[in-house]
Amino acid sequence: MVTELVKSENGYQAAFRSVRELSPAAPWLELVRGSAMDRFEQLGFPSVRDEEWKYTNLATLAKESFEPVTSADQLDADVRRHAYPESEGAHLVVVNGFLNEELSVTTGLGDVVATDLFSAVDDARYNKIIRKYLARNAGYHNNGLTALNTAFIQSGVFIYIPKNVKLEKPLQITFIGGTANSATFPRVLVVAEEHSSATVIENFVSSGEERYFTNAIAEIVLKDGAHLEHYRLQRESKKAFHVSMTSAELGRGSRYDTTSINLGAQLSRHDISVVMDHEGAETSVDGLYMVDSDQHTDTHSVIDHKQPHCNSHQLYKGILDGNARAVFNGKIFVREGAQKTDAIQTNKNLLLSDRARVDTKPQLEIYADDVKCAHGAAVGQLDPEELFYLETRGISPDLGRSLLTYGFAEEVIAKIKLESIRAELDQIVLKQLHTSLEAK
């Protein structure tokens with residue numbers, strides 16, 4: 001395994017040299033990329049010896065010879081079918097990690113800036129902002145995968161929401177991957193100035209059912225009083241590997257609401273970090289993962305209460321069938337002096353198969369004494385009494401099973417404010433259950 005791991009890393013090193021030749025960066029960014037690559041060479045891929053990766057083995061990923069995409073690709077596909085109606089005029093398309101401006105539509109953005117991250121570095125209006133926040137929260141010094149993404153920054157998306165600006169339309173970013181044996185590194189940086197508000201949708205899809213590797217990072221900065229609703233849907237090929245990080249820092253009185261839906265990929269991992277270093281910040285971190293066959297999904301979240309009077313609520317639900325496996329590890333830190341913290345964390349899992357397995361570990365680490373904190377986890381199967389009750393009402397066992405499973409998922413789906421996303425997820429859940437509400 002060690003030999004294969006070294007071989008894989010050497011492949012990334014060779015591709016990195018090509019990146020430096022093809023896409024030279026501003027001096028400061030070149031230093032960041034070089035430092036990140038050096039760190040990846042030291043850390044490599046995480047292993048099960050790392051506590052945070054104890055239940056997710058990346059040995060198979062390390063053995064694959066995925067080739068990093070080092071130039072923008074053309075796409076002969078109708079991307080409109082991936083666009084939600086609410087985001088008309090505000091739809092960015094990222095193909096294999098590169099923003100495709102020809103396929104993107106930005107007429108509905110008003111004063112909001114949404115442009116190529118790499119190009120924005122050379123723009124005097126945004127250079128200082130990007131330099132201040134890029135790779136600040138999604139640090140690469142202790143995470144080999146984050147280091148690898150940072151080393152391969154060649155494009156990406158930069159979103160800037162000016163002070164007091166409210167974006168009326170949701171801004172959608174569709175990430176299209178699927179090139180066989182490729183490795184792509186999507187990167188997003190969102191900076192919302194004081195008292196601004198917006199909705200951002202990240203939609204990860206594939207152009208086929210190929211085997212490939214996606215390594216994605218989104219960094220979010222909310223200034224005082226800013227509000228961001230963030231939806232993230234991952235529906236990659238079920239032969240793919242998908243690892244990602246979402247990192248948010250919240251200003252005074254700001255609010256960050258995020259919902260993550262994980263359905264695709266053979267192996268997926270999503271790390272979520274929310275730092276509340278100013279009083280009055282609030283966050284709602286919700287998610288649903290639904291996997292079957294031999295899929296493996298892993299969610300690790302860290303919500304860090306550093307200052308008083310901050311609230312966090314987290315609800316994650318999982319539905320597993322076949323030989324699927326899920327991992328949930330949620331940590332809530334309440335730092336010394338962070339009084340009047342209100343933090344709730346819940347993880348519930350429904351097993352539809354005797355072979356499915358969940359490893360769940362919600363955690364609280366509290367260093368303040370005037371707080372309201374709670375956490376809990378549950379793993380179970382459908383209640384036979386509830387199924388029997390539905391059968392006595394003339395509902396077939398298969399439909400009864402689907403109705404109860406749908407109801408379990410609906411608690412998360414119903415919280416999504418965009419009707420088209422809710423409707424699509426309803427259809428996906430029902431299709432994955434191999435039935436419909438109209439079935440008899």
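I take two strands as paired if DSSP finds at least two bridges between them. With that in hand I turned to this predicted model and looked up strand S6 (residues 171-177) and strand S9 (residues 197-206), which run parallel and are joined by seven bridges.

For the whole protein chain, I counted nine helices and 21 strands in the secondary structure. The radius of gyration is 21 Å, close to the 22 Å that the globule rule gives for 440 residues, so I record the protein chain as being as compact as a globular protein of that length. Along its principal axes, I have the C-alpha trace spanning about 70 × 50 × 45 Å.

I also looked at burial and contacts: buried residues make up 59% of the 440 residues, and, among contacts between residues at least 6 apart in sequence, 84% join residues at least 24 apart.

Last, I looked up the surface and the charges. The accessible surface of the protein chain comes to about 18600 Å², with 47% of it belonging to carbon and sulfur atoms. I noted 46 positive and 62 negative side chains in the protein chain, the centres of the two sets lying 2 Å apart.

Notes. Residues are numbered from 1 along each chain as its sequence is written. This is a predicted model: local features need pLDDT of at least 70, side-chain atom pairs count only at pLDDT 80 or more; totals for chains, interfaces and linings use all residues. Side-chain values use heavy atoms; hydrogens and water are left out. Helices (H or I, at least four residues) and strands (E, at least two) are DSSP runs, numbered from the N terminus. The radius of gyration is taken over C-alpha atoms; the globule rule is 2.2 Å times the number of residues to the power 0.38. Buried means under 20% relative accessible area, exposed over 50%, partly exposed in between (1.4 Å probe, protein chains only). Contact means heavy atoms within 4.5 Å. Accessible areas come from the Shrake-Rupley method with a 1.4 Å probe; for residues, only the protein chains shown count as cover. Lys and Arg count as positive and Asp and Glu as negative; His and the chain ends are not counted. The place of a charge is taken as NZ of Lys, CZ of Arg, CG of Asp or CD of Glu.
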